[in-house]
Amino acid sequence: MSYKNEFIDFMIESDVLKFGDFTLKSGRKSPFFMNAGAYVTGSQLKRLGEYYAKAIHEHYGDDFDVLFGPAYKGIPLGVATVIAFSNLYGKEIRYCSNRKEEKDHGDAGILLGSKIKDGDKVVIIEDVTTSGKSIEETFPIIGAQGDVEILGLMVSLNRMEKGLSSDKCALDVIKEKYGFDANAIVSMDEVVEYLTEKGQLDNEIKERIDKYYEQYGAK
């Protein structure tokens, strides 16, 4: 079984991906919902880090220096993933995050974990990106550290729906706006295809997902 299919099973098992009736922050009525905050145990975080590490390795290789996880959700994601990267690929990647409030004593500054310096190659890690707002905050923080190359962004799920002000999905908007790659461990169409093949998605939910994408699917 591919790591993508394993990850879909893992999201369902962990109660992170649910199907039903949900009202999103955007006001859209969605037949599915993802809550990455439901990964809470040691074994869940260990596995989550491994899936991220495999996806990052597939898309960006291992020729990079820093994994940047925006505060707050990106902090445990970054830590779990650099541990997994070391275990799976024998490569030491430094983790870094930003503080919401700059610290002026002791380990001062805006960054938590590793410093970022000239010549560093950086991959950004997030749970899910719907609007790209966090990248808007993160991008200037990373750029302010020096002559740094951002290889790309990795999220867990590409919802593949258009934004509130664009017909493109958030990952495509990020690619266009910032000029770096943006990928997900899995996309929603991969989730639907796999669960349908397994007989785990009943017809009614499948129809509602199809209708949702007719209305909100990214171009």
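The model is predicted, so to speak only of what it shows: local features need pLDDT of at least 70, side-chain atom pairs count only at pLDDT 80 or more, and totals for chains, interfaces and linings use all residues. Residues are numbered from 1 along each chain as its sequence is written, and side-chain values use heavy atoms, with hydrogens and water left out.

**D127**
- D127 sits in the loop between β6 (121-125) and α4 (133-143); helices (H or I, at least four residues) and strands (E, at least two) are DSSP runs, numbered from the N terminus.
- At 11% relative accessibility, D127 is buried (under 20% relative accessible area, 1.4 Å probe, protein chains only).
- Beyond its neighbours within four places in sequence, D127 is in contact with A36, Y52, K73, L77, V155, S156 and L157 (heavy atoms within 4.5 Å).

**Aromatic pairs**
- There are 14 aromatic pairs in the structure, meaning rings of Phe, Tyr and Trp (its six-membered ring) with centres within 6.5 Å; planes under 30 degrees apart are stacked, over 60 edge-to-face and the rest tilted.
- One of them is F7 with F10, a tilted pair at 6.3 Å centre to centre and 45° between the planes.
- F7 and F10 are 3 residues apart in helix α1 (residues 3-13), so about one helical turn separates them.
- F7 is buried at 0%, and F10 is buried at 1%.
- F64 and F85 pair edge-to-face, 5.5 Å centre to centre with 85° between the planes.
- F64 is in the loop between α2 (42-60) and β3 (66-68) and F85 in helix α3 (residues 74-89), so this pair ties together parts 21 residues apart in sequence.

Note on methods:
Buried means under 20% relative accessible area, exposed over 50%, partly exposed in between (1.4 Å probe, protein chains only).
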